[in-house]
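Morning, everyone. I have one structure to walk through, and I will keep it brisk. Have a look first.

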Amino acid sequence: MLQVLIQGLLLSGLYALIAVGFTLIFSVGRVLNLAYGAYLLIGGYTYFYFSQQLGLPKFAGVALAGIIGCALGILKFQLIVRPLKGNHVAIEISTLILAVFLQSVVIFVFGDSSKILLPIIPGVERVAGAAIPFSNLFAAIASWVILISLWLFVRSTHMGRAMQAVSMDAKGAAISGVDATKINMFTWALSGTLGAIAGVFFASYTQLYPGMWVAPLIIAVAVVIVGGIGSIIGTLIVAHIVGFLEILTSAYIAPELRGVFTMLLIIVILVWRPSGLFGREEL
Amino acid sequence: MALLEIENLSAFYGKAQALHDLTFNVEEGSIIAMVGANGAGKSTLLDSIMGLTQTKGDIRLDGTPITAAKPQDIVVKGVGYAPERFNLFPYMTVRDNLLVGAYTAREDIETNLDMIHKLFPRLEERENQETVSQSGGERQMVSLGRALMSSPRLLLVDEPTIGLAPKVCLEIADVLKRLRDEFSLTVLITEQNANFALSLAEQIMVLESGHLVASGTSDELSSDERLAAAYFGH
Ligand SMILES: Nc1ncnc2c1ncn2[C@@H]1O[C@H](COP(=O)(O)OP(=O)(O)O)[C@@H](O)[C@H]1O
Ligand SMILES: [Mg+2]
């Protein structure tokens, strides 16, 4: 019981971090970024390359993953989203193709086989019969710190309020002097950074492999659909629903089915409440 | 030189032309009303001044062309806009809505908040309320307040009284006058309700189907029988 609780909390914190970068882009830019999982992929491999292959300090590897993710977000905005201005289907197809393309690049450079990431912080603590790797604990705590900082940033800085403003009323933001293009680019950069860092944590939680962008994308989409896009707080709540659902499924039903109920939940919510549990689209 | 000069301004929605060759000036320190029926092009005119539509012609603020400038640059140059549907940020508090308005004028936040709270004491009492749960009158106040947070010299207000109770209309009229008299703003409003415009503005212009058909003081306009019958109800 305690074991399930602890594992649920650890996983849910990570899921919230994964989902929040996706939510940001949907709320501010109204784009379903189907290449979002690719940030996690690139983040994981960047960390692997710098920290494990080149032997740089682990935190430098995390930071570099964040920087590469940030650059990727900006490139995606400038090269795909801006030129395709407002054409949502084209943007979504292009982002999906981009994800597959990046997967191929990763296979070309690093090979097809999965890799084990050395833990960011080695060691394991046993609590109530559950083995808790320090690495997962660190990932959960770091996720929480990042999420709280993000929440404070969005609530209490001019830039953060402008992000909310663009997400709630584009015309209102424009006549307030907010440059939506700048805010969008910043949001893409932020989303890429968050996604890439989440990728390091996610890969160390599971493993590093070229197809690892799919599962996080489904988690992010699930959180967005179940939560009704919604606020950072909404994202947190739904990430916990999804995280605990997975942990409960693998503890009491079968580990193989852990992702299945998440997808069933998506379908049920789509049919029952298409606008999601919380049903608003703003930050 | 007039604060706002508009010369041969036309505006378009795709191929449809919504404004036809408008030419007029707004003198500094005046309150001007643009009167017109539903669909005449009032909102389009204010949107156009704000850089939100496709236009031809010239718009100058203080002699500087602002035609086709971006809205954010026009805000910086000193134009504030309270649009017809307010376009507030519904899930943000009154205070945060106002603070977004200060995006381009961060040094003036204290001064402007003071002014707004003096003009609309209710906004200070309700500063932590989300605007989604506010009445029409309160939203109009937030909308005006947000426009004032950018420290404008020219305030554009689209149909300030639409849907508001008569008592609130008087409050708004009073505030617009005080903005001109105490805070030396120049105000351009639009109205369907010509009597409200008469009570407030020294100069009135009449817009019909995108054409400027008359312009003058309220006395001049009410002596024209056709206009008087159509807009002033006497
Ligand atoms: N976004 C738009 N797209 C196309 N036509 C529009 C749009 N907004 C307004 N119009 C048209 O432009 C004309 C002027 O509208 P508007 O400026 O809203 O008038 P008013 O504010 O005086 O009621 C109308 O014929 C209206 O149908
Ligand atoms: Mg209108």
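Let me start with ligand 1. The residues around it are B:Tyr13, B:Ala18, B:Ala37, B:Asn38, B:Gly39, B:Ala40, B:Gly41, B:Lys42, B:Ser43 and B:Thr44. To be in that list, a residue needs a heavy atom within 4 Å of the ligand.

Now the ground rules. This is a predicted model: local features need pLDDT of at least 70, side-chain atom pairs count only at pLDDT 80 or more, and totals for chains, interfaces and linings use all residues. Residues are numbered from 1 along each chain as its sequence is written, chains are lettered from A and ligands numbered from 1 in the order in which they are written, and side-chain values use heavy atoms, with hydrogens and water left out.

Back to ligand 1. By class, its shell has four nonpolar, five polar and one charged residues. Here Ala, Val, Leu, Ile, Met, Phe, Trp, Tyr, Cys and Pro count as nonpolar, Asp, Glu, Lys and Arg as charged, and the others, Gly among them, as polar. Helix α1 (residues 42–49) of chain B gives the largest share of the shell, three residues. Helices (H or I, at least four residues) and strands (E, at least two) are DSSP runs, numbered from the N terminus.

Which atoms come close to the ligand? A backbone N or O atom of B:Gly39 lies 2.7 Å from a ligand 1 oxygen. The side chain of B:Asn38 has an N or O atom 3.3 Å from an oxygen of ligand 1. For B:Tyr13, a side-chain N or O atom is 3.5 Å from a ligand 1 nitrogen. On its own, ligand 1 has 550 Å² of accessible area, and the protein covers 55% of that. The areas are Shrake-Rupley with a 1.4 Å probe; for residues, only the protein chains shown count as cover.

Next, rings. How many aromatic pairs does the structure hold over all chains? There are 10. Rings of Phe, Tyr and Trp (its six-membered ring) pair if their centres lie within 6.5 Å; planes under 30 degrees apart count as stacked, over 60 as edge-to-face and the rest as tilted.

Take A:Tyr49 and A:Phe110: edge-to-face, 6.4 Å centre to centre, 75° between the planes. This pair links distant parts of chain A, with A:Tyr49 in helix α2 (residues 36–53) and A:Phe110 in helix α4 (residues 88–110), 61 residues apart. A:Phe110 is buried at 19% relative accessible area; A:Tyr49 is partly exposed at 34%. Buried means under 20%, exposed over 50%, partly exposed in between (1.4 Å probe, protein chains only).

A:Phe201 is buried, at 3%, and A:Phe138 is partly exposed, at 22%.

Ring pairs also join A:Tyr45, A:Phe48, A:Tyr49, A:Phe50 and A:Phe110 into a cluster.

Two charges sit over rings. A:Lys76 lies over the face of A:Tyr39, 3.9 Å from the ring centre. The test: NZ of Lys or CZ of Arg within 6 Å of the ring centre and within 35 degrees of the ring normal.

Last, backbone. B:Asn87 is not a glycine, yet its phi is positive, near 50°. B:Asn87 sits in the loop between β6 (79–82) and α3 (94–101) of chain B.

How values were computed
Polar contact = N/O pair within 3.5 Å; in protein donor to acceptor, adjacent residues only side chain to side chain.
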